[in-house]
Amino acid sequence: MLPQFSYVRPDTLQDTVRHLKEKNAAIHAGGTDLIGCLRDGIMQVDKIVSLNALSDLHGIRETADGGLVIGALTTITEVAENLLVKQKYPGLSQGSSEVASPQLRNQGTIGGNLCQKPRCWYYRGEFHCLRKGGNTCYALDGEHQFHAIFGHDLICVITHPSDTAPPLAALSAQLKISGPEGSRTVPVENFYLLPVEDLETETVLKPGEVITHIVLPAPAKNLRSSYRKVRARRSWDFALAGLALALEIENDTVTRGRVYLSGAAPVPWRSRPVEEAITGRKLDAATIQKAALAVVEDANPLPENTYKMDLFKGVVEEELNAIR
Amino acid sequence: MQTIDITLTVNDQQQTLPVKSNDTLLEVIRDYLDLTGSKEGCGEGVCGSCTVLLDGHPVRACLTLALEADGCAVTTVEGLADEDTLSPLQQSFIDHGAVQCGFCTPGMLISAKALLDENPSPDRQKLRQALSGNICRCTGYAKIVDAVAHAARPESGCPDCHTKDSGGDHD
């Protein structure tokens with residue numbers, strides 16, 4: 001039985017924002033994360049604001065310059081299967097295909113996937129952890145084999161659960177956000193907050209704000225992108241280690257490269273050491289070897305997740321070999 | 001608590017139902033409509049035993065608010081048989097020993113039906129992918145995959161299947 005809440009389904013963005021400004025109001029897009037959170041009692045929600053009457057937020061269209069605009073309510077299945085996404089941004093298509101299960105991809109939306117709450121078992125369980133206003137990260141001294149090796153600063157060691165945020169960040173996507181103060185645009189790479197920046201929330205969304213669209217710039221002529229996800233169960237799981245690549249390659253040389261990791265940090269984690277190891281170089285065996293070592297250069301693994309070091313090295317090596 | 005009327009077309013029958021804002025589609029199906037084939041396993045979208053078709057797409061009924069399904073068509077496992085005659089897919093599950101405790105079976109059947117409706121002759125990889133959101137703790141999946149593969153191609157027999165008593169030409 002879910003706790004009690006009121007429910008509204010406004011048909012304008014303006015009304016949506018007005019409802020969302022109220023205390024303890026929550027956005028319902030696909031609902032797959034929200035309903036689980038309500039069932040687990042990890043947040044107080046008095047009002048659910050459904051986005052599903054906002055038809056402008058559905059669907060994928062090409063922009064005049066050859067980029068794409070994806071409505072935030074577009075399902076993960078639609079993103080994964082869309083031909084334009086497959087052609088222009090294979091990394092995003094691959095990332096979307098790797099999300100959860102077929103049923104959840106049919107329900108879950110791309111906007112919702114970006115705004116997921118953490119999957120840490122202490123957070124989802126009956127533990128009054130730091131993120132729920134307590135004063136302890138139970139995972140730090142507890143069970144943390146699936147937790148972060150970067151960016152946690154020994155404060156909160158969640159990993160960000162999204163498989164679409166790393167490829168979107170690598171592809172330099174931007175988020176259109178509407179809220180009480182009007183609309184603004186935030187690059188995916190600046191959307192997430194580290195524990196050292198804020199423990200109460202994972203994103204820069206302010207009360208009343210909602211993602212409406214995701215804008216992908218036109219792909220450069222020599223762009224290659226990919227997403228690889230390693231997980232404990234092949235059928236259905238969150239990433240132990242994942243890698244999103246968006247590389248521009250001319251005459252076998254990487255002229256520009258953006259590299260993001262999943263299953264690595266409390267946010268989609270940009271691996272500048274890998275970018276530096278490959279930019280301006282041919283992806284030969286020596287460069288790939290250097291990049292594989294570079295990926296864990298700044299890592300701070302915990303006692304039970306040092307295995308992720310080798311996992312990330314292996315994933316970088318395999319994926320750079322595959323994309324060259 | 002206040003109720004709101006929604007319209008659902010469940011297994012081809014249109015109904016108007018008063019629901020509470022915190023009712024899930026699964027609760028409405030099981031408790032209001034007494035269609036108890038769909039099961040609640042984990043209640044958090046992991047196990048797949050609550051899978052139903054919503055406008056033709058398999059979804060988790062335990063994670064769907066009833067209010068969000070207003071105006072939609074829902075197919076549950078009870079909608080597969082024609083009166084007392086099982087669908088070929090259901091019969092194939094029986095013939096291949098794909099049912100043990102049976103708890104996952106309604107969800108498996110619905111996921112399999114969604115696949116075959118979209119792709120009548122899937123290869124085994126597609127088939128496994130389509131069933132990847134449904135957990136079975138008894139069978140080890142092999143017989144379930146055999147059953148769906150056989151239902152997809154009964155005329156060609158199924159060389160991988162291990163039983164001899166169904167309608168196909170078993171080696």
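Reader: Just opened this one. What do B:D23 and B:K20 do with their side chains?
Author: The side chains of B:D23 and B:K20 meet in a salt bridge, 3.4 Å from N to O. Here a salt bridge is a side-chain nitrogen of Lys or Arg within 4 Å of a carboxyl oxygen of Asp or Glu.

Reader: Before I go on, what kind of model is this?
Author: This is a predicted model, in which local features need pLDDT of at least 70 and side-chain atom pairs count only at pLDDT 80 or more, while totals for chains, interfaces and linings use all residues. Residues are numbered from 1 along each chain as its sequence is written, chains are lettered from A and ligands numbered from 1 in the order written, and side-chain values use heavy atoms, with hydrogens and water left out.

Reader: Ok. Is B:D23 buried or exposed?
Author: B:D23 counts as buried, at 3% relative accessibility. Buried means under 20% relative accessible area, exposed over 50%, and partly exposed in between, using a 1.4 Å probe and protein chains only.

Reader: What about A:R258, which residue does its side chain meet in a salt bridge?
Author: That would be A:E189, again at 2.8 Å, N to O. A:R258 sits in strand 11 (residues 253-262) of chain A and A:E189 in the loop between strand 7 and strand 8 of chain A, so this pair ties together parts that are 69 residues apart in sequence. A:R258 is buried at 7% relative accessibility, whereas A:E189 is partly exposed at 35%. A:E189 and A:R258 are also linked with A:R270 and A:E275 in a network of salt bridges.

Reader: Switching topic: how many residues does each chain put into the contact between A and B?
Author: Chain A gives 28 residues and chain B gives 31, with contact meaning heavy atoms within 4.5 Å. About 2200 Å² is buried between the two chains, and carbon and sulfur atoms give 51% of that. Buried area is the accessible area (1.4 Å probe) that two parts lose on being put together, summed over both.

Reader: And how many salt bridges across that interface?
Author: The rule finds two across the interface of chain A and chain B. A:R9 and B:D70 meet in a salt bridge at 3.9 Å, N to O.

Reader: Which parts of chain A touch chain B?
Author: Strand 1 (6-8), helix 2 (32-40), strand 3 (47-50) and helix 6 (102-107) of chain A each supply at least two residues of that side.

Reader: Now the core. Which residues have the most contacts inside the largest one?
Author: They are A:L38, A:I48, B:L8, B:L25 and B:V74, in a core of 38 residues. A nonpolar core is a set of buried Ala, Val, Leu, Ile, Met, Phe, Trp, Tyr and Cys residues joined through side-chain atoms within 4.5 Å.

Reader: Which element gives the largest share of it?
Author: Helix 1 of chain B, with four residues.

Reader: What does A:I48 touch?
Author: Leaving out residues up to four places away in sequence, A:I48 touches several residues, including A:F5, A:Y7, A:L34, A:L38 and B:L65.

Reader: Last one: where is A:N251, and what is its phi?
Author: A:N251 lies in the loop between strand 10 (241-250) and strand 11 of chain A. Its phi is near 45°, a positive value in a residue other than glycine. A:N251 is exposed, with a relative accessible area of 69%.
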